[in-house]
Amino acid sequence: MAKGDLIGGTLWDQYSGKVADRMNNPRHLGAVSEEEAAAMNAELVVADYGAESCGDAVRLYWAVDRDSGKIVKASFKSFGCGTAIASSDMMAELCIGKTVDEAVKITNIDVEHALRDNPDIPAVPPQKMHCSVMAYDVIKAAAAKFKGVDLSSLEEEEIVCECARVSLGTIQEVIRLNDLKTVEEITAYTKAGAFCKSCIRPGGHESRKYYLVDILKETRAKMEEETLAREERPFADLSPFKQARAVETLFDAEIRPSLKQDGGNVQIVDLDITEEGPVIEISYEGACISCPASGVGTLGFIEKILKDKLDERFQVRIV
Amino acid sequence: MERVYLDNNATTMVDPRVKQAMDPYYLQQYGNPNSLHSFGTEIHPEMSVALDRLYEGTGAADEDDIIINACATEGNNTVLKGIWAAKLKENRPFHLVTSEIEHPSIAHTADWLESMGARVTRLPVDEQGLVTPEILKEHVSRGSADLVSIMWANNETGLINPVQELCRTAHDLGSLFHTDAVQAVGKIPLNVSELGCDYLTFSAHKFHGPKGVGGLYVRRGAPPISLLHGGEQMGGKRAGTVNVAYMIGMGLAMEMATEALDYENTKVRELRDRLEDALIGIPDTVILGRRENRTPNTILVSFKGIEGEAFLWDLNTNGIAASTGSACSSEDLEADATLRAMKLGADLAHTAVRFSLSRFTTEEEIDYTIETIKKIVRRLRSISSTYK
């Protein structure tokens, strides 16, 4: 919060002149018909993305030249707010003259940059960056249709923040390299989470596969685990405090992430160091409680990790 | 047509007579009314007139309080937090009953109270979008609620809740009753004595008074509440030097709003209906809420295939001011709470646009608006990928 935040209602003030102009007069609006495409010796591609109920839906038309493979005409239709219309229009423009493979490389960030009046000032306010993502998604959908492949096969890496196009790998790397401890730091380093904020934690505008809070926690735990692994002494010789910490860290880094993928989780109830070796008591949460495999398969998985990483005498009990 | 203002549920133009009435209190009679000298005391007669007008306009008895404050947000905060604090002082739990369609000044205050340990029940609305006594009885058992707070008319839809019955039911259940009457003043006849409520809040800028001044009605005998502690102003119930000009402006605005009730319910209603009929004439258009259940100045309309913010942009380009509850237009990308509570379906929530008229709206403005809307609908539907 600061002086700039006190008045509010500044959404439209932050649209660039180009955004406003393309909202009022889109250049590449409308459908391309089969006949038109045929007359251009081009293949017609029509792709849809989004739905009215999500607040954004866009349809992209491409006429792809049968000889050169280049997109000779691109146009769109859109149900969306003004920035969605302006982004779609710019996206269509950027497609023209490119091959489908080249067009797939256009991102929402390219679209947003092309809409800037001043190269240093964003074309839209942060929460509206989300609208340009749509423009990117529909290109992917059109390319998948053209190539006759599944949409997901075009995704090269796992994207955590769609608005800023930051991948899972990048986020994990900056956390490690810069020893980041908070989500705010991740946002400052990568811009992930700076726009529509859906990827920060569950409960935002959109539900996401990955959230920054989880990635941070897991990466930190893995880092911690690696530090502990450098510990020369065997598990049995560690102080009780370090033993407990090593177990907790291992759970965060290796065990909980896989359980969470299936909607489950596990809590550590107790850790007892007996003459026969360490005994850990755990209790399942979420989907693990009713999962028939949790008493056998999952238990074996947890036990194996503990034995491999910490002490081969480890025993696990479910309470 | 230069500009048309159809966003009167957000704020209104100050009536020129109200502005004129406030003028002397800046350069001539600028004293502090709590001073003993003539600069202070000479203002008292006009302040008394303002109070008379406010008591008359709301139907309050002389034994009741109308506390002048800064806005309805302050009034709403004072009621909710005041009663909670009184319970806290006695070491007793606090149970607030409100609804899912309240203005943020109630909804977010309730959220905050919940975070402080209070119990909050949020009543849903019926299929008409109204909070009814049946819903209240269904969700609240006798003796369990300390305060029931339900808005009179909804800002987004204009839908009017049956507050008199709600108030009676709340009292039967052993609870105090408050209503946020911000959207009701000047549109619905107001009489707190008939209504029987314990607290009622209003804001001057919604009825052609200035922004930054409002009123909190407190029935005699209702637990006293105050948020601001300090000087002896407002009988010690709301500290802070009274904004004399605004109080006097609000008094006159209240009197004029009462006088204009007939006009509001005849001429303004006619203009609203004329606009509404024209909108219904456009294919694939939905008007939310039955006409007879709404304040006479409000229309919430959905145009299939057109996102609300895009519609608002085109209206603005044509000089027309309206409003949308669409998620895309808000800072946090959240659809308006009322639209969500009415369970209209996400597509309606993304397309709803609100037009709200006032006694200054003219026939020419409505005709121009109708013609412009037709053009905008044609343009945006030609762009739309979801409209055939």
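Helix H5 of chain B is followed by Asn91(B), a residue with a positive phi near 65°. Helices (H or I, at least four residues) and strands (E, at least two) are DSSP runs, numbered from the N terminus. Welcome to this two-chain structure: it is a predicted model, in which local features need pLDDT of at least 70 and side-chain atom pairs count only at pLDDT 80 or more, while totals for chains, interfaces and linings use all residues. Residues are numbered from 1 along each chain as its sequence is written, and chains are lettered from A, with ligands numbered from 1, in the order in which they are written.

**Helix H5 of chain B**

- H5(B) spans residues 72-89, and its 18 residues reach 25 Å from the first C-alpha to the last. That is close to the 26 Å expected at 1.5 Å a residue, where the expected span is 1.5 Å times one less than the number of residues.
- Is this helix enclosed or open? Of the 18 residues of H5(B), 13 are buried, so the helix is largely enclosed by the rest of the structure. Buried means that 20 or more other C-beta atoms lie within 10 Å of a residue's own; exposed means 12 or fewer, partly exposed lies in between, and the C-beta atoms are placed from the backbone.
- Leu80(B) is located in helix H5 of chain B, and it counts as buried because it has 27 C-beta neighbours inside 10 Å.
- Leaving aside neighbours within four places in sequence, Leu80(B) is in contact with Leu96(B), Ile106(B), Thr109(B), Ala110(B), Leu113(B) and Ser149(B). A contact here means that the C-beta atoms of two residues, placed from the backbone, lie within 7 Å.
- The C-alpha atoms of Leu80(B) and Ile225(B) are separated by 9.2 Å, although the two residues are 145 residues apart along the chain.

**Chain B as a whole**

- Chain B has 15 helices and 13 strands. Its radius of gyration is 22 Å, close to the 21 Å that the globule rule gives for 388 residues, so chain B is as compact as a globular protein of that length. The radius is taken over C-alpha atoms, and the rule is 2.2 Å times the number of residues to the power 0.38.
- Along the principal axes, the C-alpha atoms of chain B fill a box of roughly 70 × 55 × 35 Å.
- Of the 388 residues of chain B, 51% count as buried.
- Among contacts in chain B between residues at least 6 apart in sequence, 73% join residues at least 24 apart.

**The two domains of chain B**

- Chain B is divided into domain 1 (16-259) and domain 2 (260-381), with bounds from an automatic or database domain assignment. Their C-alpha centres lie 28 Å apart.
- The contact between them takes 24 residues from domain 1 of chain B and 21 residues from domain 2 of chain B.
- Helix H10 (residues 244-259) of chain B gives the most to the domain 1 side of this contact, with four residues.
- That domain 1 side divides into twelve nonpolar, eight polar and four charged residues. Ala, Val, Leu, Ile, Met, Phe, Trp, Tyr, Cys and Pro count as nonpolar, Asp, Glu, Lys and Arg as charged, and the others, Gly among them, as polar.

**Chain A as a whole**

- Chain A has twelve helices and eight strands.
- A compact globule of 319 residues would have a radius of gyration near 20 Å, but chain A has 26 Å.
- The C-alpha atoms of chain A fill a box of roughly 85 × 50 × 35 Å, taken along the principal axes.
- Of the 319 residues of chain A, 37% count as buried.
- The domains of chain A are domain 1 (15-122 + 135-145), domain 2 (160-216) and domain 3 (232-318). The C-alpha centres of domain 1 and domain 2 of chain A lie 27 Å apart.

**Nonpolar cores**

- The largest nonpolar core has 175 residues, of which Leu60(A), Trp62(A), Val138(A), Ile139(A) and Ala142(A) touch the most other members. Such a core is a set of buried Ala, Val, Leu, Ile, Met, Phe, Trp, Tyr and Cys residues joined through C-beta atoms within 7 Å.
- Helix H6 (residues 129-147) of chain A supplies the largest share of this core, twelve residues.

**Where the chains meet**

- How many residues of each chain are in contact? The contact involves 18 residues of chain B and 22 residues of chain A.
- On the chain B side, helix H12 (308-317) and helix H14 (346-351) are the elements that give two or more residues. The largest share, four residues, comes from H12(B).
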